[in-house]
Structure formats: structure tokens, C-alpha cells
Amino acid sequence: MKTPTGNRELFRSLFRFPKRDVFDCVPLHYLILKMSGMGCITPKAGVRNGSTITTLLDVAIFVANLALAVSMMVYGTFVEERNSQSPIMYIGVKMVNFTCYASTIYGLISCFVNRHEIWKFYNEAYTIDAMLAALGDRTNFNHSFALFLAYYSVSMAACCLLIGVLYRETVSWMLLLNLGYSYFCLTTFHIVSLTCLDVVWVRNLRLNRVFRRQFSLEGGVGETASLSVHGPNQAVVLRQIMQIFDLISDLADKGSFYYGVQIMVSIAGSFVYLLFYTFAFTLVVRSVLPFESVLDAGPIMSYLMFAYNVFVVAFFGNALKQQLSCSHFIMCPCSACVVFGLVPACGCHWVTMFLLRLFLMQLGHRSPMITCGLFPFDWTLIFSILSTAATYIIILLQFESAGSSSG
């Protein structure tokens, strides 16, 4: 018996307005994943239950993208298309190509291995949205869908413009395909990773908003803080908030597991390009490379695009990390009452105070952060990249000087 697929249900959701839930916005993201070979799955009928299957079309799309990526890596690594006056720079160009495509191949294989788990990321976001809606905080999914569509369109248009500006001269069609596919893959990885960060960040932001509304605090600095909202359902609402926070932390863990590879792929490709562009700039200063080889419109646009990819990931990752600190700050006035036993000062029920104490412990032990397993994606990522790049550039300059002396 043939298993019914949810493709028709997804496409109907794509054109449904107004958007009611996250699964009305998922189809566009799902098509982008499938087109790039990173989402080679097919959801079953009843897409909100999280069940998926793998069809022959999914396997064919994955094999085609994997074969294309391997072919482009071999072509860019072993076929010489242009000469360079610096041997180190020539090696750098090959390393940029190899890193981009090796990362892409690793990302494709990782996504295919975990293909059935990726869809659960959407289901957990759907569950969290339903719980937040029960507390009176509904997401404007029309706004989210329009924002995603606009950002993806602008990103792909920037890629097309960059390829046109960077290689406006007559080049072989293989080189054009090599460059176009590499930019397309890195941009897709960037979109996917940014979407993952935004899904977790927005829901944590909404949870903070729910807490402020349900447990607003009165009292300034140096004054006794008290809860301005009291009622018989306060303990019930706090239990729901604690449960939602736990689900958001689980969502961040799953996002790190499913999409941490994609984020690292985007950052690795961007880092290698930024490193060798900066090294090429030092060679221009030393008159080893011509001025126009680095300070042309195409290389500058490429540098800005890759730098933007790294900056945006660090920005949203740090914003998610700061929200945890904001949650601590929200709880600080009441936590003082909990720690020092000033229950009468707050006027809270003892059950509520006990739950507040548990919530503080939960905040201290769990943190909704996106990470690759080695380090979190925040501003420390920028500092690590700068320090590593400075070290490598010094080493490359020493090799270049030794090569020039030998010549």
C-alpha cells in the first residue's frame, strides 16, 4: 500500500493567507532545503504529526547534488583556470574552493543522515507556539513569512549580482558553474542557519514578553520589589512558563544538532575567503599583486558578503544568549526575596515563591543557545576568527617572504 504524502497539504498551506501557524510558513523553507539537497525528505499526510518518508525523488536529488558538489570540488582543485603572481595566493585560491565544497559535501551527507529528524524541529516549534498562544501571545505568521521571503530573495539576488560583477569577462561555462554553485550553497546554508537561530530567538523573546505581562514587577532600584499581578492561577501560569522554557531549550539543542553543521559550513567557507582576501591585500601593499586584483568591485563585494554572513550569525546567536541574561534580570528582584526569605515583602503565595525558586534553578542550569558542540555562536566567535586570522596571516607572510628571497 502506497504511503500518502503531505505534498498537497504543504502546497495548499504555502498559498493560504492569512498564515495561521508555523506549518503555513514551512513549505517555502522546505522547498529551499529540498532544492539544495539538504532536505531530501517527504512528509507524510498530516504534516503536523512529524512523520516523514524518503522517496526515490529524494534520493535522486541528494545524489545529484552530491555528485555536482564532488565534481566542482575536483574541478576547482585540480584544473587551473587562472595564474597568480604569488604561489601562496594560488594555493589560497585552491584552498578556498576546496574548503567551500568539502564543507558543502559534509553538510549534504550530514543532512541526509539526519533527514527524518529535521522535520521534528518544525513540530516542536509548532507545539511551543500553541502553548504561547494559550498564554495570550500569538505570532504574526504573515509578517514572518513575508520577512523570510524578502530576505531570501535579496540574498539570492545579491549572489546573482555578485557573480555578474565578479566574472563579467568571458569565462568558461565550467568556471561559471563552479562559482555559481559555491555561492548558492553558502547562501543557502546561511539562510538555513539564520532561520534556525531566529526560530529559537523569537520564541524565547515571546516567552520573556509573556512573563513580563503575567508577573510584572513594581519597585525601582533600592526599593522593595513586589509582584503587581496576583491571582489564583498564578502558579499554574508559572508552571506553563517553566514548561515552555524547557521546550525552547530542547528546541535550541535540536537546532544545534540538526543545523550546527550548516552554520559551521557557512562560517568555514566565509572564514577561508576572508583570510586569503586579507592576505592578498597585504601582497598588494608589498606590490606583489596588482592593485585591481584585490580592490576591484567583485572582490570587495565578495568580502562584504562573507563578512556579513559571519557577523549576522554572531549577532543573532549573541542576542539569544543575552535573552538568558534578561530572564535572570527579570527574576532578580523576586529572587532576592526568595534567597533572603522575604516572602511577606512580595505578598506572594508560598507555592508561587517555591515555583519561582525552581524557575531560577532552571534558568541557571539550562540555556537556549545554538552551538556547534565546540563553542557557541556569539561575539566570541568574531574574536576567535580575528585572532586566528592574524596568526595565519603572519605565517603566510613569512612563507611569502621566504619564497621571494629564494627567487
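Tutor: Helices are DSSP runs of H or I with at least four residues, strands are runs of E with at least two, and both are numbered from the N terminus. In this structure, Phe-311 and Phe-315 are four residues apart in helix H9 (residues 297-340), and therefore about one helical turn separates them. The model is predicted: local features need pLDDT of at least 70, side-chain atom pairs count only at pLDDT 80 or more, and totals for chains, interfaces and linings use all residues. Residues are numbered from 1 along each chain as its sequence is written, and side-chain values use heavy atoms, leaving out hydrogens and water.

Student: How many aromatic pairs does a search of the whole structure find?

Tutor: Rings of Phe, Tyr and Trp (its six-membered ring) pair if their centres lie within 6.5 Å; planes under 30 degrees apart count as stacked, over 60 as edge-to-face and the rest as tilted. The search finds 16 aromatic pairs. In one of them, Trp-119 and Tyr-122 have ring centres 5.1 Å apart and planes at 85°, so this pair is edge-to-face.

Student: Are Trp-119 and Tyr-122 buried or exposed?

Tutor: Buried means under 20% relative accessible area, exposed over 50%, and partly exposed in between (1.4 Å probe, protein chains only). Trp-119 has a relative accessible area of 0% and is buried; Tyr-122, with 7%, is buried.

Student: Which residues is Met-131 in contact with, leaving aside its neighbours within four places in sequence?

Tutor: Contact means heavy atoms within 4.5 Å. Met-131, which is found in helix H5 (residues 115-134), is in contact with Gln-240, Gln-243, Ile-244 and Leu-247, apart from its neighbours within four places in sequence.
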